[in-house]
Amino acid sequence: MNILTEDLKKICDYREQLYILFSKIFKEEVDRDFWENLRNANIEMDDFELIKNIKELINYVENAKIDKKMIEELAADYASLFLGIGNHPAHPYESVYLSREKIAMREPWCEVMNIYCQEGLAKKDSVKEPEDHIAYELEFMAHICQKVVEQVERSDNKEVTRLLKTQKDFLENHLLLWLPTFCDDVVNGSRKLEFYKLIAVILERFIFLDSQYLKRLMDDAM
Amino acid sequence: MMNIFPQTTPTLFTGEKQWWLSEEPAENLRRKSSSVEKSVITTCTIDCGGRCPLLVTVKDGAITKISSFNDGEVPPLNACIRGIYHHYKVYAPDRLKYPLIRVGERGEGRFRRISWDKALDIVAREMKRIKETYGPEAIFECAYNGGNGCILHLTDWGGALYRLLNLFGGCTRFGTFTSEEGAKWASTFTYGISDGRDSNSWADLVNSKLIILWGRNVAEARHGSGSLYWFKLARDMGIKIIYIDPCCTDTVNLLKAEWIPIRPSTDTAMLIAMAYVLITKKMYDEKFVNRYVFGFDQYCDYVLGTTDGTPKTPQWAEEITGVSAKTIVRLSEEYARNKPAALIQGWSPGRTASGEQYHRAAIALQAMSGNIGISGGSGSCDGLELIGVANPIVKKWKANSLLRFGGIGVEIKNGTWAEAVLRGKEGGYPSNIKMIYVVGHDILTQRQNTKKGIDAFKKVEFVVCHEQFLTPTARYADIILPANTNFERNDIAFPWVKGDYAIFVHKAIDSLWDSKSDLEIVNVLAKKLGFSDFETKSEEELLKEFFEESILKEHVTYRELKRRGLIRWKSSKPRIAFEKQIADPNSYPFPTPSGKIEIFSQRLKQMDFNSGHYSGVTPDYRYIPFIPKFMSCEELPNAPRAKKYSLQLITPHSRYRAHSQFYNIPKLKQLYEHTAWIHPNDAKNRGIRQGDNIRIYNDQGAIIVQAEVTERIMPGVVRCYEGTWHDPDEQGIDRGGCVNVLVNDLLTSYAGVSNFNTCLVEIAKEDSVQQ
């Protein structure tokens, strides 16, 4: 089967946007612009559970009175969960979840650095986070989506297949191994506001569905 | 094929895309991914007296392994478990990573991220406002030993903030030490020295016929990387070791020592009764006393009861100390007969109400037995030989200052800091504090009366804190600035208790996340305060400069130290404190007014308390007796309060922490339970069994810990390690088990000694307590 279709291009373009969106949420605190962005975002996914959760998120975003106080509370939630200072943090590093030592910058961190490197990617010097931060891993998926789109345009079937396999492997060997636990921790650790809890639920489901999608795509391509 | 994605591609994200990864040319990628492995020699610069050389393996820019660096010399400087596991702290996911600003109420623990620039703008603005409104002394430099035993990145006196605040116009700062104030005070007023060179080297222990370890648990709190080696050597040579402590700690077993249990906070009484035995049995060294001691007659008058009608007999001491009169007599005789004998004082019996009296009485006994200035004898235990003199900054700022620690402003006692904040000038304290600047100091965990400390933090107008973790103290900050660790900067370190060596602290890795060294932070702040030329030199230039001004240069060269990492200097024979003063007293008198060892302190008597002195610490010295005396207090077993709270709490140091440092590291936490030792009799009376959750409480508060029922502690005493973080539940009960919730700050002695081991409590099984 030839997977070089317009559909694939569209889908990868959409997946890229989703990954960028999720990545952005973990990179920094929500600001007013991003809230507006979310309010207007038209997230469509054909999955009952996901539709339900996205609806909940959209409702939340639409009903929230986004003022200075709310932005501040969201930022405090972000710090409490992802900067590790709350009583129930969700440390956004693969190494903390998967290394034997349960601390930052161990073996899993080295592994993802190598994978990025193989795809010609490296961390920008200005970023202060280690490369296995959830935002990098999601961004990496977005980068590969972009490359798939490019290669579809070039009709390089082999490279498209390789890139899709890279994504599938990265999900299976990395994100899927820790992201569900991480998302559970976000859900359990979210005390004050619902926002990150809703995001975590959606992200967990999305990653699962995306891996299913890639699996089927690869199976069909074989 | 199932497709969950829509057929159209709606726009999801309209903002500017912000990439953390970028496409890099192959050459850059190679450079970035080259997994070069390197090893560096370095050490911890945390708040522990030892400095163990560490070999740190770094791969891909991250520490992968830390091991003890062994140079094959004697004594071995074996690293402890904190050093070997230090990377668990460096890479702990809960490290503070970015500057934070408080959201919500102070102390609530909610913060959000803020840029360095904005954070330091706020700090600078508040400092200027507070100085202009209330004067510079309204700023309290609450800096302590987060980083110490090094010459550049130290956080206490002489550190970057100390220098900046002196330039800024001064501040309120600590005028006393926390742990060793009693020891230092006693040496200053008895021997006339405060440079810590008041004891023989450990290598001299083997020349003793008898070693008395008084409240010094060397097995658990080694107090120096190489110290235990010498104690074991003495044991192997068959030298008798007697250990005096309320608890039969690991030291007893390890050194095959004889354990003499004693009630906490009563050691002075026993030492005075020993003096009584020596005097009445004429077993003291009369020649030594006549030649080298001042005030023996006055001391005799007190000991024999001539002045106050109470002879300080062994029976008198038995009532107070719980040590039988027979044992006191026997020990006194043994000590007097076995010369030379080393009486090694621990600091912990000195961390009591009037703890300086314990050190003074111990020196008096050593002087009476002629055990000072000789091989095999002893001196005292201030012992901080390098820490003070290695720091040229304080020396410089001391030159034109009347303050004890130099510089400008006013000084307060460590133990009553919260009172000073809450009561200010009206309460007799030297300043009205409006801002607390915390650097490397979990003061709420580490100072008496945690609750009062919290009130103090709530009262002031602004709090800023440099920290590595969100400690109970950092929770009360308005601005938190993330400090890096000793592996992320260059420095030169030395053991602050005994040990003739220095270590180059090689920077192993770059600063993690957005953390900075305290020096870098203060540098930026200085510029915002208008001191554009505060520090224009690089880290290396500063390090060289400080090194050249320190006494370390008498032993090593900078270049050699940097190249080799660890350098030891050796003398041909062990160093004997006061050897010259004893061998040739005419040429080398003791630096006291009488030129002798002053059991009766002339220096104290000659102090003019009405003259202009600037330290808020010294006026209270007027209440201290001229000779060592046992001073009872409201928190001893014979006091009325003991009817309600019948147990004495002691709060020793855990081997798994350096005070509060490392408490939050799970890798170390899993190695122990936070327990309290209780004697079976005390447990039985209260229906407490091994492993029960118990509440330790008094009027000040309550903590929850687990019971360890053991005969290794004497009845009437409870032992619970200090340094666990305060973690109050909704009722204010401390689930973290922080002992300082219970310790009374107002028992801080006139000399400024903190009373961590003078505290009455009661205990109860937790589920029997009415909620």
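Predicted model: local features only at pLDDT ≥ 70, side-chain atom pairs only at ≥ 80, totals over all residues.
Local features need pLDDT of at least 70 and side-chain atom pairs count only at pLDDT 80 or more, while totals for chains, interfaces and linings use all residues. Residues are numbered from 1 along each chain as its sequence is written, and chains are lettered from A and ligands numbered from 1 in the order in which they are written.

The secondary structure of chain B comprises 25 helices and 27 strands. Helices (H or I, at least four residues) and strands (E, at least two) are DSSP runs, numbered from the N terminus. The radius of gyration of chain B, taken over C-alpha atoms, is 27 Å. Along the principal axes, the C-alpha atoms of chain B fill a box of roughly 105 × 65 × 55 Å. Of the 771 residues, 58% are buried. A residue is buried if 20 or more other C-beta atoms lie within 10 Å of its own, exposed if 12 or fewer, and partly exposed in between, with C-beta atoms placed from the backbone. Two residues are in contact if their C-beta atoms, placed from the backbone, lie within 7 Å. Among contacts in chain B between residues at least 6 apart in sequence, 75% join residues at least 24 apart.

An open sheet of eight strands in chain B has the order β6-β5-β17-β16-β15-β7-β8-β14, with mixed pairing. Two strands pair if DSSP finds at least two bridges between them. The edge strands are β6 (111-113) and β14 (409-412) of chain B, each pairing on one side only. The twist averages 20° from one strand to the next. Axes are lines fitted to C-alpha atoms, for helices over the stretch in contact, and angles run from 0 to 180 degrees between N-to-C directions.

Strand β17 (residues 479-482) of chain B is covered on both faces. B:Ile479 and B:Leu481 are buried on one side, B:Ile480 and B:Pro482 on the other. Strand β5 (residues 100-102) of chain B runs antiparallel to β17(B), joined by two bridges. B:Leu100 stands opposite B:Ile480. Strand β16 (residues 462-467) of chain B runs parallel to β17(B), with four bridges. Here B:Val464 stands opposite B:Ile479. Helix α4 (residues 68-82) of chain A lies across β5 and β6 of chain B, at about 90° to β6(B).

A further open sheet has four strands, in the order β11-β10-β9-β13 (chain B), with parallel pairing. Its edge strands are β11 (258-260) and β13 (341-345) of chain B. Strand β10 (residues 240-244) of chain B pairs with β11(B) over three bridges. B:Tyr243 has B:Trp259 as its bridge partner in β11(B).

A nonpolar core is a set of buried Ala, Val, Leu, Ile, Met, Phe, Trp, Tyr and Cys residues joined through C-beta atoms within 7 Å. The largest has 229 residues, of which B:Ile492, B:Ile696, B:Val718 and B:Val761 touch the most other members. Domain 1 (100-176 + 386-568) and domain 3 (640-768) of chain B both give residues to this core, so it lies between them. Domain bounds come from an automatic or database domain assignment. Another core, of 85 residues, lies apart from it and includes B:Ile212, B:Leu331, B:Ala342 and B:Ile599.

Key
Rg over C-alpha atoms; globule rule 2.2 N^0.38 Å.
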